[in-house]
Amino acid sequence: MDLGIAGKRALVCASSKGLGRACAETLAAAGVDLVLNARGAEALEETAQMIRTAHGVSVDTVACDVTSVEGQAQVIAAAEGVDILVNNAGGPPPGLWSDWGREDFLKALDANMLTPIAMMTALLPGMIDKGWGRVVNITSQSVKAPIAILGLSNSARTGLTGYVAGTSRQVASHGVNINNLLPGSHATDRIDALDQSTAAREGISFDQARAARQSSIPAGRDGKPEEFGAACAFLCSQHAGFIVGQNILLDGGNVNATI
Ligand code: NAP
């Protein structure tokens, strides 16, 4: 399927690895020029070079922490006028409700709610002026069904979801579509870290922690980053112009719900 977005330009935040990188690769395969971001400059530049070579699109990089005010300013300056915005950042650490105080919540809110809102606030006006834009926020299945050890993530991402529900309906008449993609377990460094943490907490091996987690997924496996990237690229495509403010689960059936 021709996604109809060749020649457009996208900012993909937190994209040297994992789900962000997969979104960037799929957009590049559709002919989209990119601005990529991550904190670590080396992995970021490696990813950028791989994408330039594989897809022949232009790729700019901004190595900074996108959750800091200074980092956001750098990324926004490099991405001015983009047609497509994919919001992403690292997820908060796991723990127990009694572990978390005000500072922990502020950090999580900054990373997983206020950062994507800041990026939208800065970049939506350019999309509205052009009469076309796409925003995809990478959130989590924890928005639909809480993951108890990820209380910081549950809280911050649900706040972003509420913001998107209203804002997406304010900008839709300008040809700008905002939607959220909700990953269940995907084979990335993040899920490796969570399985390590479960193994340490429960005194079991990494393989046991992984097998137990995967046994609850109806698809019987973790998602592949490229499957996630394809869904993201579709939401950024011409074909997604009537999809507004939705929360789309990619979880192998893990959230046990009819709707
Ligand atoms: P990942 O494999 O660990 O990759 C994270 C990427 O984001 C890396 O490129 C990392 O590079 C970059 N990054 C992290 N923090 C950043 C920051 N503050 N500023 C700029 N770049 C940053 O993670 P992932 O699995 O792709 O997860 C992406 C998001 O989806 C996370 O919020 C995660 O919690 C969420 N999620 C993932 C899963 C899953 O199963 N994988 C499930 C549900 C939700 P640097 O470290 O160099 O900055």
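The model is predicted: local features need pLDDT of at least 70 and side-chain atom pairs count only at pLDDT 80 or more, while totals for chains, interfaces and linings use all residues. Residues are numbered from 1 along each chain as its sequence is written, and side-chain values use heavy atoms, with hydrogens and water left out.

**The ligand**

Select the ligand and the 29 residues around it; S16, L19, A89, H186 and T188 come nearest. A residue counts as near if one of its heavy atoms lies within 4 Å of the molecule. The shell around the ligand holds nine nonpolar, 14 polar and six charged residues. Here Ala, Val, Leu, Ile, Met, Phe, Trp, Tyr, Cys and Pro are nonpolar, Asp, Glu, Lys and Arg charged, and the others, Gly among them, polar.

Next, show the backbone of V66, where an N or O atom lies 3.0 Å from a nitrogen atom of the ligand. At G90, a backbone N or O atom is 3.3 Å from a nitrogen atom of the ligand. At G184, a backbone N or O atom is 3.3 Å from an oxygen atom of the ligand. Switch to a surface: the ligand taken alone exposes 880 Å², and the protein buries 89% of that (Shrake-Rupley method, 1.4 Å probe). Then colour α1 (18–29), β2 (33–38) and α6 (189–202), the elements that give two or more residues to the shell around the ligand.

**A loop residue**

Select A14, in the loop between β1 (9–12) and α1. A14 has a positive phi of about 50 degrees although it is not a glycine.

**Two helix pairs**

Axes are lines fitted to C-alpha atoms, for helices over the stretch in contact, and angles run from 0 to 180 degrees between N-to-C directions.

Finish with helix α4 (residues 102–130) and helix α5 (residues 151–171), whose axes come within 8 Å and cross at roughly 20 degrees. That makes α4 roughly parallel to α5 (under 35 degrees).

Conventions:
A polar contact is a pair of N or O atoms within 3.5 Å; within protein, one must be able to donate a hydrogen and the other to accept it, and residues adjacent in sequence count only if both atoms are side-chain atoms. Helices (H or I, at least four residues) and strands (E, at least two) are DSSP runs, numbered from the N terminus. Angles under 35 degrees count as roughly parallel, over 145 as roughly antiparallel, 65 to 115 as roughly perpendicular and the rest as oblique.
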